[in-house]
Amino acid sequence: MTDSETLYDLLLDLDNRGYKAYKDIQGRYEFPNFTLIIDYVQGDPFAAPSKLRVRVPQSVAGFPGDLYDTPSRSVALRDYLTRQFDRGCRQVSQSRGTGKSGSIAVCRMGQEVLDRTSARINKDWVELRFVVGLPARGRSILGRQAAYMLCEDIPKLVDRALVYTYLDSEAIRRHVETIEDADWLRSKLNERDLVAFVADGAILPRRSGVDDRPLLKNAVPFSSPDSLRVTFDRPNGGAISGMGIPKGVTPIFGGGYHGKSTLLKSIELGVYNHVPGDGREFVVTDPTAVKIRAEDGRYVVGVDISAFINNLPQGQPTTSFSTENASGSTSQAANIVEALEVGAKVLLIDEDTSATNFTIRDRRMQQLIAKEKEPITPFIDRVRQLFEERGVSSILVMGGSGDYFDVADTAIAMTEFHPSDVTQEVRQIAAEFATGRQPEGGTGFGEIRSRSIDPDSLDPSRGKRSVKWQVRDIDEIAFGTSDIDLSAVEQIVDAGQLRSIAEAMVYLKQEYADGRRTLVELLDFIMSDVEQQGLDVLSPFPQGDLAQFRRFELAAALNRLRTLRVFDFLKQEN
Ligand code: ADP
Ligand code: MG
């Protein structure tokens, strides 16, 4: 008798027994064409579903090595296979009883192509990880249904998604080549002194505020101004042209509803790759670009925001600023300094989500409210220092203030969704109409130092469980007993990233946090482990729902953990 027949009979035997008896099926089963591994069996039909894997030998799967022989290609192929498996799951998944009974699913995926733990591939096998709601009526096992799911449906899914000869080889190649080209483009930005590239023909607007797919009707394709057009010769797709945004300070001007925020949003998400057909697959951005916004109410601990904020009422220190409840401007200042602390080289700011008093302070206001009575040094007085002293570029959507004419290296204007290069015009206007502002930036931006994390303040325990965390959509991590609000961290795009970040926080505490190491050192350790060993290094058991994240978003989660404490050794030694 084969293992699959054994499993079939075992499930029939379990029919009508109490749900806990399902625990007996945990283990490994050799099916004719693949291995089924049942890693974890759920405790009841409403609990988190059971975790399974299929491993198909390459003798059956037959994927040509050149489809996965580089990191870019491997990510792309695994993404394709996960999506294909997902389609299959949707076809066979059905309600077969109580709670989650009958569901078969992989991780949820959006338009981004991310490295994930959902699929693995090497020269020996391809593995797919998924979850199954083992069927029951009430708490009684539905053995026949379970036997059908595991022994009939799953082999069908394997055939439909994991056997190369049954798949659309053209679509796979397009997927792999698109992702490889996008990674290649991103890697070339720096040597061309660019921070972002937006391809001609790209479709930037989305279908709706809650639908991330490309706008279908009346979408105006992107078209670069001639003066900013650059051309690249991609390894697979050949020549491509589009708008290159140079390093430096780049405001995006233009009337309301003319597409400014849509352009900036695409640039923000250009740190990730997108599926072919997304419209933004060749919008690529420097991987260290961080979206900055105001985020009043956020927690801040021990951040030196003195470049932006000084002389707060009641003598609150700003060289090591902490608050349970930041204001618009102090939160935006903290967001910038925290991003710089961990290596951001590009800042992205949209007036729609920016504190006005943080961004501008015009001549008249300088006259009315003396510098000594205004704690804020506005961004306009720092943006050039950031570039000249630290090599940090900024792209800012700025429909409301012409004061930024004075600080622009490149100026773009959006008119009816078309960009134009207004750099010369802006210089002329600035010469003709001086703002009369006094610069308030003093002699320079100043130092940025990394804080050391107090490991005791990073506590994932809850009640009797030493590690307990949970993710709510892309907005929140419940970590131990505290909730981390990430709704304002706009470059988190996938719940899998939050799960990885939660795992990384536990890992950081267990492996590296010693009270001396700085946040930067801790991030370096973790990101290098993930790069060398893959995301699986973060979790004690194989998980199928982790997705790649950047150091900036991990730092963002740590910085918003309301129990976090930091040591400022510099301060103690002084
Ligand atoms: P702004 O920031 O300049 O006020 P938005 O970027 O918010 O403008 O865009 C306004 C509206 O226009 C949005 O509904 C957006 O989806 C749509 N839009 C943006 N770019 C395009 C485009 N290229 N083609 C068609 N519609 C677009
Ligand atoms: Mg806008």
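Guide: A polar contact here is a pair of N or O atoms within 3.5 Å; within protein, one must be able to donate a hydrogen and the other to accept it, and residues adjacent in sequence count only if both atoms are side-chain atoms. This is a predicted model, in which local features need pLDDT of at least 70 and side-chain atom pairs count only at pLDDT 80 or more, whereas totals for chains, interfaces and linings use all residues. Residues are numbered from 1 along each chain as its sequence is written, chains are lettered from A and ligands numbered from 1 in the order in which they are written, and side-chain values use heavy atoms, with hydrogens and water left out.

Visitor: How many residues does the contact between domain 1 and domain 3 take from each?
Guide: Counting as contact any heavy atoms within 4.5 Å, 15 residues come from domain 1 and 12 residues from domain 3.

Visitor: What area do domain 1 and domain 3 bury between them?
Guide: The value is about 1100 Å², with 46% of it on carbon and sulfur atoms; buried area is the accessible area (1.4 Å probe) that two parts lose on being put together, summed over both. On the domain 1 side, Leu114, Thr117 and Arg129 supply 44% of the area buried against domain 3, more than any other three residues.

Visitor: How many salt bridges are there between domain 1 and domain 3?
Guide: The count is 2, where a salt bridge means a side-chain nitrogen of Lys or Arg within 4 Å of a carboxyl oxygen of Asp or Glu. Arg129 also forms a salt bridge with Asp536, and the closest N and O atoms of that pair are 2.9 Å apart.

Visitor: New topic: what coordinates the magnesium ion?
Guide: Ser261 (OG) and Asp352 (OD) coordinate the magnesium ion (ligand 2), at 2.1 to 2.3 Å. Donors are N, O and S atoms within 2.8 Å of the metal (3.2 Å for Na, K and Ca), and water is not among the atoms, so sites may look incomplete.

Visitor: Where do Ser261 and Asp352 lie?
Guide: Ser261 lies in helix H6 (residues 260-269) and Asp352 in the loop between strand S21 (346-350) and helix H8 (356-359), so the pair ties together parts that are 91 residues apart in sequence. Helices (H or I, at least four residues) and strands (E, at least two) are DSSP runs, numbered from the N terminus.

Visitor: Is Asp352 buried or exposed?
Guide: Asp352 is exposed, at a relative accessible area of 57%, while Ser261 is partly exposed at 26%; buried means under 20% relative accessible area, exposed over 50%, and partly exposed in between (1.4 Å probe, protein chains only). As for H6, 7 of its 10 residues are buried, so the helix is largely enclosed by the rest of the structure.

Visitor: Last one, what does Thr35 touch?
Guide: Not counting residues up to four places away in sequence, Thr35 touches Arg28, Tyr29, Glu30, Arg53, Val54 and Arg55. Thr35 lies in strand S2 (residues 35-40) and counts as buried at 9% relative accessibility, and a polar contact of 2.9 Å joins its side chain to that of Glu30.
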